[in-house]
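Please look over the sequence and the model shown below, and then follow the account of its helices and charged side chains.

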Amino acid sequence: MCAMDASFGDLSDGSAAIFPRINVRDPYKRLGISNEASEDEIQAARNFLVQKYAGHKPSIDAIESAHDKIIMQKFYERKNPKINVKKKVREVSQSRVVQAVITRFQTPSTKIIIKTSVAFVVLAVLTIFFPTEEGPTLQVALSLIATMYFIHERLKSKLRAFLYG
């Protein structure tokens, strides 16, 4: 008989087998399961190992403590779920609907944003300085011209810009 046989519990004198992963710190590795294992898989691994190393009390204690740690961790995660905001934002931004909307619209250049802002500031100033009793005819005419200008810059078609405006 060699020393390796004793470490894996294959003793020929009839004593109980010793659990080989008794000193492993990670409870998942100790039970021999993955971190994403379901509760049924955890329970099955525990039952299998308890049955296999039933005669050795320290082995059973190591198996039970690993099982308890995993079950308590799963319970805590269910009780206090962590919301990973970055992951959720990434999932939403990668969805088909959001991608379709994002590709449909594009951010205008800074030049266009400045032109639009100036046009609206001019309209606001004209509205303040030239109030009319009949209505803001001048302001409406200027906003129509500005709209047609910006549409023309975007579409490069005078007819379509006139029709849309």
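Is Glu39 buried, partly exposed or exposed? With a relative accessible area of 41%, Glu39 is partly exposed, where buried means under 20% relative accessible area, exposed over 50%, and partly exposed in between (1.4 Å probe, protein chains only). This is a predicted model, in which local features need pLDDT of at least 70 and side-chain atom pairs count only at pLDDT 80 or more, while totals for chains, interfaces and linings use all residues. Residues are numbered from 1 along each chain as its sequence is written, and side-chain values use heavy atoms, with hydrogens and water left out.

The protein chain has nine helices and zero strands, where helices (H or I, at least four residues) and strands (E, at least two) are DSSP runs numbered from the N terminus. Of the 165 residues in the protein chain, 20% are buried.

Helix H3 (residues 39-52) and H4 have axes that come within 10 Å and cross at roughly 170°, the axes being lines fitted to C-alpha atoms, for helices over the stretch in contact, with angles running from 0 to 180 degrees between N-to-C directions. That makes H3 roughly antiparallel to H4, a term for angles over 145 degrees. The contact (heavy atoms within 4.5 Å) involves residues including Glu39, Ile42 and Arg46 of H3 and Glu64, Lys74 and Arg78 of H4.

Side chains of opposite charge can pair when their charged atoms come close. A salt bridge, defined as a side-chain nitrogen of Lys or Arg within 4 Å of a carboxyl oxygen of Asp or Glu, joins Arg78 and Glu39 at 2.6 Å, N to O. Because Arg78 lies in helix H4 and Glu39 in helix H3, the pair ties together parts that are 39 residues apart in sequence. Arg78 counts as exposed, at 55% relative accessibility. Glu64 also forms a salt bridge, with Arg46, the closest N and O atoms being 2.6 Å apart; since Glu64 lies in helix H4 and Arg46 in helix H3, this pair ties together parts that are 18 residues apart in sequence. Here Arg46 counts as buried at 17% relative accessibility, whereas Glu64 is partly exposed, with a relative accessible area of 23%.

Lys74, placed in helix H4 (residues 57-79), is buried yet has no salt bridge, and the nearest side chain of opposite charge, Glu77, is 5.1 Å away. Leaving aside neighbours within four places in sequence, Lys74 is in contact with Tyr28, Asn35, Ala37 and Ile42.

Key
Lys and Arg count as positive and Asp and Glu as negative; His and the chain ends are not counted. Angles under 35 degrees count as roughly parallel, over 145 as roughly antiparallel, 65 to 115 as roughly perpendicular and the rest as oblique.
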